[in-house]
Amino acid sequence: MARIKMVAGNWKMNKTLQEGVALATQLKEDVKNPSCAVVIGTPFIHLATVAELLKDSPIRLAAENCADKEKGAFTGEVSAEMVKSTGAEYCILGHSERRAYYHEDYEILKNKVELALANGLKVIFCIGEVKEEREAGKQNEVVKAQLEGSVFHLSAEQWKNITLAYEPVWAIGTGLTATPAQAQDMHAYLRSLVADKFGAAAAEDTTILYGGSCNEKNAAELFACPDIDGGLIGGAALVAEKFEAIIAAR
Ligand code: PEP
């Protein structure tokens with residue numbers, strides 16, 4: 001199995017339903033034959049409509065979150081089963097905004113990952129260190145703990161449905177991008193951890209995305225690194241032309 005190259009968008013809490021439909025419609029129109037996998041992560045309320053719209057498109061759909069409980073009296077939550085029922089194929093989990101603002105710890109994320117996989121979703125699992133950790137040279141131990149805490153207990157079979165996204169928190173939405181060398185070093189380290197856990201072949205097949213102020217100007221340089229398989233894109237995914245330029249760079 002060859003490693004999948006991918007550009008994924010994360011719309012976060014942006015776009016009304018109408019604006020989201022307009023953006024997805026334009027992407028569908030423009031992205032007909034991409035040379036990599038293309039995924040858009042939208043708010044829950046867009047999923048069913050956008051899934052229908054993308055039915056005959058190569059663009060795949062992701063939720064940005066799912067509940068850590070299966071079902072029941074959890075007002076306001078959206079389960080992995082519900083996400084799957086919309087037609088979405090992926091779920092972004094472990095994003096630093098959810099870890100920081102919604103206190104999603106290793107155990108909560110472990111539950112979410114298990115429920116997403118059990119319901120047939122693929123997971124884009126985000127990891128990354130904050131600025132102080134990078135300055136203290138602790139980035140490797142931080143990402144290792146994040147993997148061990150939430151996804152390294154999975155079986156080899158389950159691991160096939162995991163895409164990793166390295167997103168240094170200091171680079172998300174800040175305009176500060178990790179240098180290609182910093183990102184490549186980390187991606188190579190992550191791949192070595194996956195090799196230790198699941199074997200060399202699984203590591204070779206694992207898609208590892210870079211995220212953090214990746215845009216149409218710096219994407220090509222980042223994607224040229226051997227262990228950077230694509231990008232998880234926030235701000236630049238909200239503008240069709242920018243997102244399409246990043247896809248073209250992959
Ligand atoms: C993200 O939120 O996943 C992200 C990478 O954001 P941005 O591209 O805006 O830094």
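Me: Are Glu-29 and Lys-32 buried or exposed?

Reply: In this predicted model, both Glu-29 and Lys-32 are exposed, and their side chains meet in a salt bridge, with 3.6 Å from N to O. Side chains of opposite charge can pair when their charged atoms come close. Another such pair is Lys-55 with Glu-52, at 3.1 Å from N to O, and here too each residue is exposed.

Me: How many salt bridges does the structure hold, and which parts of the chain does the pair of Asp-56 and Lys-28 link?

Reply: The structure holds 18 salt bridges, among them the one between the side chains of Asp-56 and Lys-28, at 3.0 Å from N to O. This pair links distant parts of the chain, since Asp-56 lies in the loop between α2 and β3 while Lys-28 belongs to helix α1, 28 residues apart. Asp-56 is exposed, with a relative accessible area of 64%, whereas Lys-28, at 26%, is partly exposed.

Me: Which residues are linked in a network of salt bridges?

Reply: The network joins Arg-3, Lys-5, Arg-191, Glu-204, Asp-227 and Asp-229.

Me: Where does Thr-206 lie, and what does Thr-206 touch?

Reply: Thr-206 lies in the loop between α10 and β7, and is counted as buried because its relative accessible area is 3%, where the cut-off is under 20%. Leaving aside residues up to four places away in sequence, its contacts include Arg-3, Arg-191 and Asp-229, as well as Trp-159. The Thr-206 side chain also reaches the backbone oxygen of Ala-202 at 2.7 Å.

Note on methods. Residues are numbered from 1 along each chain as its sequence is written. This is a predicted model: local features need pLDDT of at least 70, side-chain atom pairs count only at pLDDT 80 or more; totals for chains, interfaces and linings use all residues. Side-chain values use heavy atoms; hydrogens and water are left out. Helices (H or I, at least four residues) and strands (E, at least two) are DSSP runs, numbered from the N terminus. Buried means under 20% relative accessible area, exposed over 50%, partly exposed in between (1.4 Å probe, protein chains only). A polar contact is a pair of N or O atoms within 3.5 Å; within protein, one must be able to donate a hydrogen and the other to accept it, and residues adjacent in sequence count only if both atoms are side-chain atoms. Contact means heavy atoms within 4.5 Å. A salt bridge is a side-chain nitrogen of Lys or Arg within 4 Å of a carboxyl oxygen of Asp or Glu.
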